[in-house]
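The sequence and the structure are shown first.

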Amino acid sequence: MDSLVNWSLLALSAPGWGGVLLQGFLRSIEIALGGYALGLLLGIGGAFGKLYGGPVLRDLLECYTTIVRAVPELVLILLLYYAGTDLLNQLLGFAGIGPVDISGLLAGIFVIGVVQGAYSTEVLRGAIKAVPAGQIEAARAYGMSPAKVLRRITLPAMLPHAIPGLANLWLIATKDTALLAVVGFAELTLVTRQAAGATKAYFLFFCAAGALYLALTLVSNLFIGVIEWHARRGLVERR
Amino acid sequence: MSNETTHALALAPEDLPGAESFFKPHRIVLIVLFGALVTAIALFMRWDWLPRYLPRLGTGILVSLAMLFSTSILGFLLAVPLGLAQVTGPWFLKAPARLFCTVVRGTPLLLQLWLLYYGLGSLFPQFPAIRQSFLWPYLREAWPYGVAALTISFAAYEGEVMRGAFAGVPKGELEAARAYGMGRWTLFRRIWLPRAVHRALPTLTGETVLQLKSTPLVATITVVDVYAVISKVRQETYLTYEPLLLLALIYMCLTGLLVLAFRYFENRIPTRGA
């Protein structure tokens, strides 16, 4: 070891690995965004199904959230990754279209989305239950259709209750993308490991990746603070 | 992380169904359908590898559980000073404790694990003093790094919970203790710590289940836990789904048992006036 840290390894262009790392970081953010959005959609559907659905739907959703909350993300990611791509190819085979090569990005978004969906179902269900029943009844009494009640009353009224939980879920989504390294998807953690393995500068690269993840968390926290302040502006502080 | 979020991420005692809730017409139909699905899986998928791997699976489960309990206990012991330092410590303790919690909670556990295993693992052999010390036979193995990473992660998450718990103990109780003439240490030992732990207990169930869900990560650094055994099965038998389904079932059973155990203990702790 001549100099303690060889910073040139982090250079953006070819001999350095900085560019590769940033590309992986971008890929991680893409998956986290996509997975989080998909999870939110599933979560809204799941929460309403659990609260207002029929008994069978409710039980099925209960199974979904129970399984996801009881089985490690890593195992779910492996199962969904293989089962999801396999199932899609078989369906396409039935439809007469040959097997397609599913992009890792879509598979990753699907996998993270299904896991996040169960978590946000639980968060949103709790938030909807915190909305006073009288408000929703009043909206129905005004003759609003269920969709309109959802759009005008339930969603805006539950938002302040849901935002702390949803913010945590976003932070978890960004960190869960690291698990896709195990199925060989080239996001930040995997490219970091490749860079570290190739150069033997393990400490430098893992710390650099950690700094990127941390920066994402801290920047997210800033935005979350603003959003939370905005959503709570009509509420009386209870302390 | 708030208690509600932990509840959304990890199975909780109140999610367990009671025995009487199964006897509803639609549930019986669902159970029959589910039973048919399980039978189909048992009959039409390949399970002939199972007897050969049973002993190794048993060992793997024990390794996973050992990882879970050792890191949870060590992590909790670390979390108490972390929480206390953040509430009442001087700035030179408060700032590092805060930084530690922020950094650990802001980066993925997998990355921390690999940093410790590959980073420290490549650094240690360069120092002859470490190579000759009595610790070296352990530092050459993978599990100390796994234990360290999982402990650090648990300590950071639970440290944040303990911070809230220490801060939330009513001021009047501490003042009453002081009025009785208790010293700082007696006050901490008799009043502050027990009350804070009591307040933190409900989150402990969730955090422990989350910790169980994190343990398979140690398989990526060659610790042979139940996940690693299943990976081995997949490599040797070229099967994709059967081992993974079994693994999911094993983890569901482990989580269920853990949650049941916590419910039993929670019911034994008096909660009046909490």
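In this predicted model, chain B contains twelve helices and zero strands. Read along its sequence, chain B accordingly shows the pattern α-α-α-α-α-α-α-α-α-α-α-α.

- Taken along the principal axes, the box filled by the C-alpha atoms of chain B is roughly 70 × 65 × 30 Å.
- Chain B has 274 residues, of which 35% are buried.
- Of the contacts in chain B between residues at least 6 apart in sequence, 79% link residues at least 24 apart.

**Interface between chains A and B**

- The interface brings 41 residues of chain A into contact with 38 residues of chain B.
- On the side of chain A that touches chain B, the elements giving two or more residues are helices H2 (55-70), H3 (73-94), H4, H6 (146-176), H7 (188-199) and H8 (202-231) of chain A.
- The greatest contribution to this side of chain A comes from H8(A), with nine residues.
- By class, this side of chain A comprises 27 nonpolar, seven polar and seven charged residues.

**Largest nonpolar core**

- The largest nonpolar core has 119 residues, and the members that touch the most others are A:Ile77, A:Val111, A:Phe205 and A:Ala209.
- Helix H4 of chain A (residues 104-129) gives the most to this core, contributing 13 residues.
- When residues up to four places away in sequence are not counted, A:Val111 touches A:Ile77, A:Leu80, A:Tyr81 and A:Gly84.

Terms used. Residues are numbered from 1 along each chain as its sequence is written. Chains are lettered from A and ligands numbered from 1 in the order in which they are written. This is a predicted model: local features need pLDDT of at least 70, side-chain atom pairs count only at pLDDT 80 or more; totals for chains, interfaces and linings use all residues. A nonpolar core is a set of buried Ala, Val, Leu, Ile, Met, Phe, Trp, Tyr and Cys residues joined through C-beta atoms within 7 Å. A residue is buried if 20 or more other C-beta atoms lie within 10 Å of its own, exposed if 12 or fewer, and partly exposed in between; C-beta atoms are placed from the backbone. Helices (H or I, at least four residues) and strands (E, at least two) are DSSP runs, numbered from the N terminus. Two residues are in contact if their C-beta atoms, placed from the backbone, lie within 7 Å. Ala, Val, Leu, Ile, Met, Phe, Trp, Tyr, Cys and Pro count as nonpolar, Asp, Glu, Lys and Arg as charged, and the others, Gly among them, as polar.
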